[in-house]
Amino acid sequence: MNTTETRMLAGVSVPSTAIIDRAMDYARTDCEPYLFNHVMRSWLFAVRIGQLRGIEHDGEVVALGTLLHDITLNERFAGPRRFEVEAADLARGFAVDAGLDRRRAQMIWDAVALNSTPSIGLYKEAEIALCTTGICLDVVGFQYSLIPAAEMKAIVAEFPRLGMKKKMTGCFCHIARTRPETTYDNFVRDFGERLVPGYAVATSSVDLIAQAPFEE
C-alpha cells in the first residue's frame, strides 16, 4: 500500500498513516532514547534513498520494518532466539493486529529478521532492501554518500545519535555474555570474541557438518 498522505520529518517527506503513528509510539515506548532515534533515522534514510533512486515500495512496510527492527535490542534481552528473530515476531504480530494482510506482515518479518544480514536483505524485495540499506547506513555508514550532506545533517540534528556506538555495543556484549548460544552464526559473535572475557560458543558450523548423522 502506497499512501498519498505525507508529512515532513527532518526535511524528508514520509508517508503518514495511523499504523505508522502506532509503530512510532510503540518504538518510543519500548526503546531507549538513543535507540528510538536510531530507528527513526533508519526509516528516514530508507525513505530518502527510495526517493533518490526512484524505487517504488510499500511505505507502511518500510516504516514498520525500520521502526520496529530493534524492539528487542536492550540489556533486558533474554532470548531464547537471536534478537532479530524475537523482534521480527513482535513486529509481525503488531502488523497483523493492526490489520495488515499476511503477505505484508511477512515482508515486515523478513525486514526485521534480516536487518543485520545485508548479504541477504539487500537482494530481497525492494521494501526489505530499503530497510536494510537505511539501517546499515545508520549503523556502519553503508552508502553514506547517497544522502546529501545537508540532508544528513538535518536528520541527525532532529534525531541525535546520543552515544549510539557505545550503547549499542553494550547491548551486543550483553547478548554475547548472557545468550551466547544465539550468536554462533551472526555478527554478535564478533563482539563476544573481541570484547567479552570468557566468551565461547559451543556450536560451530564446522562441527555441525562434521557431526551430521549420515554415513559418508
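## Close-up views of a predicted model

**View 1. The largest pocket holds about 370 Å³ of space.** A pocket, on a 1 Å grid over the protein atoms alone, is an open set of points where a 1.4 Å probe fits, with protein on both sides within 12 Å along at least five of seven lines. Grid points are joined across faces, edges and corners, and the volume is the space filled by probe spheres set on the points. The lining has 20 residues, and V139, V140, M168, F172 and F187 are the closest to the pocket's centre. A lining residue has an atom within 4 Å of a point. Helices α7 (126-140), α9 (164-178) and α10 (188-195) each give two or more residues to this lining. Helix α9 gives the largest share, five residues. By class, twelve lining residues are nonpolar, five are polar and three are charged. Here Ala, Val, Leu, Ile, Met, Phe, Trp, Tyr, Cys and Pro count as nonpolar, Asp, Glu, Lys and Arg as charged, and the others, Gly among them, as polar.

**About the model.** This is a predicted model: local features need pLDDT of at least 70, side-chain atom pairs count only at pLDDT 80 or more, and totals for chains, interfaces and linings use all residues. Residues are numbered from 1 along each chain as its sequence is written, and side-chain values use heavy atoms, with hydrogens and water left out.

**View 2. Helix α1 spans residues 18-30.** Helices (H or I, at least four residues) and strands (E, at least two) are DSSP runs, numbered from the N terminus. Helix α1 has 13 residues and reaches 18 Å from its first C-alpha to its last, close to the 18 Å expected at 1.5 Å a residue. The expected span is 1.5 Å times one less than the number of residues. Which residues of α1 are buried? They are I19, I20, A23, M24, Y26 and A27. These residues cover an arc of only 160° around the axis, which puts them on the same side of α1. The arc is that of the directions from the helix axis to the C-beta atoms. An α-helix has 3.6 residues a turn, so residues three or four places apart point the same way. On the other side of α1, A18 and T29 are exposed. Buried means under 20% relative accessible area, exposed over 50%, and partly exposed in between (1.4 Å probe, protein chains only). The cover over the buried residues of α1 includes β1 (6-9), β2 (12-15), α2 (33-53), α3 (59-67) and α4 (83-97).

**View 3. Helix α2 is mostly covered.** Of its 21 residues, 17 are buried. At 1.5 Å a residue, α2 should span 30 Å, and its end C-alpha atoms are 30 Å apart, which agrees. G54 follows α2, and its phi is positive, near 65°.

**View 4. C171 lies in helix α9.** Its relative accessible area is 2%, so C171 is buried. Leaving out residues up to four places away in sequence, C171 touches Y34, L73, N74 and E75. Contact means heavy atoms within 4.5 Å.

**View 5. V112 lies in helix α5 (residues 102-113).** With a relative accessible area of 0%, V112 is buried. Not counting residues up to four places away in sequence, V112 touches G65, L68, H69, E84, A87, A88 and A91. R189 is 77 residues from V112 along the chain, and their C-alpha atoms are separated by 19 Å.

**View 6. T132 is found in helix α7.** T132 is buried, with a relative accessible area of 0%. Aside from neighbours within four places in sequence, T132 is in contact with L114, P118, G121 and L122.

**View 7. The peptide bond from G79 to P80 is cis.** Its omega is near 10°. P80 sits in the loop between α3 and α4.

**View 8. Q143 and L162 are residues other than glycine with positive phi.** Phi of Q143 is near 55°. Q143 lies in the loop between α7 and α8 (149-158). At 29% relative accessibility, Q143 counts as partly exposed. Phi of L162 is near 55°. L162 lies in the loop between α8 and α9, and its relative accessible area of 40% makes L162 partly exposed.
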